[in-house]
Amino acid sequence: MSITVADVMKLPSMRGARVLGGAGGLTRIVSSISVLEYAQTNAIQSELFDRVEFLGNELAITGFMNNPDDVELQCTNIRRMADIGEVGVILFYVGIVMKKVDRRLIDLANTLNFPLICMPIGQMNQRYSEVICEVMELIYRDQMAGANLVSELLEQAAGLAPHQRTVDSMLRMLADRLHASVVLMDSSRRVLNEAAWPRSFNNAIKEQLTAAEFPAPGTWGYCEAVDVYIYRDSIQTRDRHAMDLLIFKEGDALDVVLTRQSVEVVQLTVSIWSDKHDRIVIGELVRAILQDEPMKMRRLADIFHVDVASINSMWIISGDAPQDKERLADVLETILRDTKAYSASAIADIYDGEMVLFMIGPGNIQDVRALTEAIGSALSERQIRASLTRCHALNTTTRVREAFLSHQVGLPAAKQIFPGQWAYTLEQIDFARHCQEQIGRGERAVEEAQRCIAALQDGDDGLLETLECYLLDARTHVTLTAEKMFLHKNTIKYRLQRIADRLGFVPGELPESIPLFTACALDRLLRRN
């Protein structure tokens, strides 16, 4: 069997703990447990969070020591933990440090199916170490009970977010399970993936690869020069290309069963997720950038002579229907050629069913519009219906990954809020995602956000519809609003005057109109759902 969150709830140290929200995630597998207390979102702590390597299936303990009263920040941390594949959080010292668990936190946990577990309220004698020891002992006993390594790791991987299901992730999980370093190399002995144990021993792997003589395939050998046991075996892709799997174990070699299962899990992972993993193609560089894999990214960038640090734009093309997604590969070369006309350097590939373009530039807004038009023409010629998300000013690969995930989450809402568009900015996508999150906070939060348009929601005089078109579709242009609504320009002017009379200010003026954009967007989302 494998340990689940529900199993953890049965431990003696968890007596009296209650699941406040996210009960739908109680069946998720727990592979480890850690403490999260650097919860503030200042620059240093955000960088620390982004640099820590999370694999998912980890249960977190926190007392929200740094933000006991900031509910929005608590929700932000819950979302971040859910995004990286954590399986739940245990709250300590509620009623002491954190005075209470806000309803918004519980609603968010329910929305995400992310177990929110509260230890007994008001008890000072609780200790993190008691829960940590019992959970790790439970996991260890389960592993020693003869659980099949292959099914265990594949089941654990199935609980990861789709963007985390990679060969790199599996090797890191395998290294954690074996307490050994794992390396996958192509036929030229070029390292494709590596997972060090402990994690900080990346330099040790390089030393071992340089100094060691590898044993014959399918055997263990001892390398005295680096005092490590080495196992080597062959991994095959679907088209029968061979790679070398190397396991470096200090102290003693693994037993025969565990070794065989380790090879099997890597073989299955390569077959399922990366059938041409031995071929370093430009698509692997795209994938490394999106998954924020710095070592692999630098290695591939050197091979292709791409200055990744200078890339500042990512454009994502998403097919509207399954048949459109399947045909994006047919137009990839055409769009890449068009892109290179406006960029000093550009790479592109299909990732998760979407075409992703990375480039330096375009250098000005005229080029942005010209490239957008060129991409639209290329898609139209092939009769491919798609949408485009333009992301600019991406100064780190972490920001690139955040932008891609925001696009995946926010695009459907953006299509509802801006129905007349096919090309969106990242700012519009982020705006749409924030509107979705506002709805997720509950009816009271929505009512608060829409209070500014309450005077327009009664009656059938078309005032709210006009305001929505004016702000969201026509960018506050009267003539364009009239064209989109098939009305005379004077009719629009008359309605805008009536809207101004009811609101007490002219729509479109800033900063007064800022809340109107959110209120109108929420109205569209609620009416279309």
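Which helix has the lowest mean confidence in the protein, and which strand has the highest?

**Figure 1. Confidence across the predicted model.** This is a predicted model. Helix α2 (residues 43-51) has the lowest confidence, at a mean of 45. Strand β15 (residues 423-425) has the highest, at 97. Over residues 42-54 the pLDDT is below 50. In the model, that stretch still has 21 contacts beyond near neighbours in sequence. The mean pLDDT of the protein is 85. A value of 70 or more is reached by 87% of the residues.

**Figure 2. Overview of the protein.** The protein has 21 helices and 15 strands. Of its 529 residues, 51% are buried. Among contacts with a separation of 6 or more, 68% come from residues 24 or more positions apart.

Figure 3. Five strands form an open sheet in the order β1-β5-β4-β3-β2, with mixed pairing. β1 (18-21) and β2 (32-35) are at the edges. Each has a single partner strand, so one side of each lacks a neighbour in the sheet. From one strand to the next, the twist averages 30°. β1 runs antiparallel to strand β5 (residues 116-118), and three bridges join the two. Gly21 sits opposite Leu116 in β5. Helix α4 (residues 103-112) lies across β1 and β5. α4 runs at about 85° to β1.

**Figure 4. Gln74 in helix α3.** Gln74 belongs to helix α3 (residues 71-83). Its relative accessible area is 1%, so Gln74 is buried. Leaving out residues up to four places away in sequence, Gln74 touches Phe64, Asn67, Pro68, Asp69, Met98 and Leu105. Arg104 is 30 residues from Gln74 in sequence. The C-alpha atoms of Gln74 and Arg104 are 9.7 Å apart.

Figure 5. Strand β6 (residues 181-185) pairs with β7 in the antiparallel sense, over four bridges. Within that pair, Leu184 has Asn193 of β7 as its bridge partner.

**Figure 6. Strand β13 and its two partners.** Strand β13 (residues 354-359) is mostly covered, with six of its six residues buried. Glu354, Val356 and Phe358 point one way from the strand. Met355, Leu357 and Met359 point the other way. Residues on both sides are buried. Strand β11 (residues 313-319) pairs with β13 in the antiparallel sense over five bridges. Ile317 stands opposite Met355 of β13. Strand β12 (residues 346-351) also pairs with β13 in the antiparallel sense, over six bridges. Here Tyr351 has Glu354 as its bridge partner in β13. β12 and β13 form a hairpin, with two residues between them. In the turn, Asp352 has a positive phi of about 50°.

**Figure 7. Helices α18 and α20 in contact.** Helix α18 (residues 463-473) packs against helix α20 (residues 489-503) at an angle of about 105°. Their axes are 10 Å apart. The range of 65 to 115 degrees counts as roughly perpendicular. α18 and α20 therefore fall in that class. On α18, the contact is made by Leu463, Thr466, Leu467 and Tyr470. On α20, Ile492, Arg495, Leu496, Arg498, Ile499 and Arg502 take part. By class, the contact has six nonpolar, one polar and three charged residues.

**Figure 8. Glu468, a buried charged residue of helix α18.** Glu468 is part of helix α18, and glutamate belongs to the charged class. Is Glu468 buried or exposed? Buried means under 20% relative accessible area. Glu468 has 2% relative accessibility, so Glu468 counts as buried. Apart from residues up to four places away in sequence, Glu468 touches Asp473, Cys520, Asp523, Arg524 and Arg527.

Definitions and conventions
Residues are numbered from 1 along each chain as its sequence is written. This is a predicted model: local features need pLDDT of at least 70, side-chain atom pairs count only at pLDDT 80 or more; totals for chains, interfaces and linings use all residues. Side-chain values use heavy atoms; hydrogens and water are left out. Two strands pair if DSSP finds at least two bridges between them. Axes are lines fitted to C-alpha atoms, for helices over the stretch in contact, and angles run from 0 to 180 degrees between N-to-C directions. Angles under 35 degrees count as roughly parallel, over 145 as roughly antiparallel, 65 to 115 as roughly perpendicular and the rest as oblique. Contact means heavy atoms within 4.5 Å. pLDDT is the predictor's confidence in each residue, from 0 to 100. Buried means under 20% relative accessible area, exposed over 50%, partly exposed in between (1.4 Å probe, protein chains only).
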